[in-house]
Every structure is written in C-alpha cells, then in structure tokens.
Amino acid sequence: MLCPKCHGRTWIADSRPVRKSNSTMRRRRCKGCMYRFTTYERVSVGVSHGNCTYQGAASHVRRALTSLESLAREAGEMES
Ligand SMILES: [Zn+2]
C-alpha cells in the first residue's frame, strides 16, 4: 500500500480484526512523510459490490491526486 499523500512506502503500525464486517483494520504510516491513515481489508468472495466500490474510490482518489500534482507543477512552472 502506497501513501495517499506522497506515494511513498508505508508500514503497518497496527492491525486488528473488525468482527462486525468480517474485515481487518490496518493503521499504516508513511516512511516518507509520516502521514498516518487507516485501511480496511475485506474478503471479496461473495461481496460483489463492496469491493468494487472500494476499488472505484481508490482509483478516483489516485486520479484526483495526479491532477492536483500536475496543477501544482504547472503553477510552479508559471512562477519561475
Ligand atoms: Zn507519504
């Protein structure tokens, strides 16, 4: 799992099962910027909707970050 902020490597600081939703919660921390975030790992067998939604959200966030980065780069180029 890469950091949502800087796309750096992350490590798992804590991991615990969530019985209610049969999933695993992981607290992760970025090695690069020390950003902390939480992920939920869920069994996808028989869960056709939940996993798709998560995947869609993840790629949406990635696209948003990429466009933000290119905007920031453009802004930087204009200043110099
Ligand atoms: Zn980071």
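Arg28 stands opposite Phe37 in β3. Arg28 itself lies in strand β2. Strands here are DSSP runs of E with at least two residues, and helices are runs of H or I with at least four, numbered from the N terminus.

This is a predicted model, where local features need pLDDT of at least 70, side-chain atom pairs count only at pLDDT 80 or more, and totals for chains, interfaces and linings use all residues. Residues are numbered from 1 along each chain as its sequence is written.

## Around Arg28

A buried residue has 20 or more other C-beta atoms within 10 Å of its own; an exposed one has 12 or fewer; partly exposed is in between, with C-beta atoms placed from the backbone.

Which residues does Arg28 touch, leaving out those up to four places away in sequence? They are Met1, Thr10, Trp11, Ile12, Ala13, Phe37 and Thr39. Contact means that the C-beta atoms of two residues, placed from the backbone, lie within 7 Å. Asp14 is 14 residues from Arg28 along the chain, and their C-alpha atoms are separated by 7.1 Å.

## The sheet

Strands of a sheet pair through backbone hydrogen bonds, either parallel or antiparallel. In this model, an open sheet of 3 strands has the order β1-β2-β3, and the pairing is antiparallel. β1 (10-18) and β3 (36-42) stand at the edges with a single partner strand each, so one side of each has no neighbour in the sheet. From one strand to the next, the twist averages 25°. That angle is taken between N-to-C directions, on a scale from 0 to 180 degrees, using axes that are lines fitted to C-alpha atoms.

Strand β2 (residues 23-30) runs antiparallel to β3, and 7 bridges join them. Two strands pair if DSSP finds at least two bridges between them. Ser23 has Arg42 in β3 as its bridge partner. The two strands form a hairpin with 5 residues between them. In the turn, Met34 has a positive phi of about 65°.

## The whole chain

The chain has 1 helix and 3 strands. From the N terminus on, the order is β-β-β-α. The chain has 80 residues, of which 2% count as buried. Among contacts with a separation of 6 or more, 27% come from residues 24 or more positions apart.
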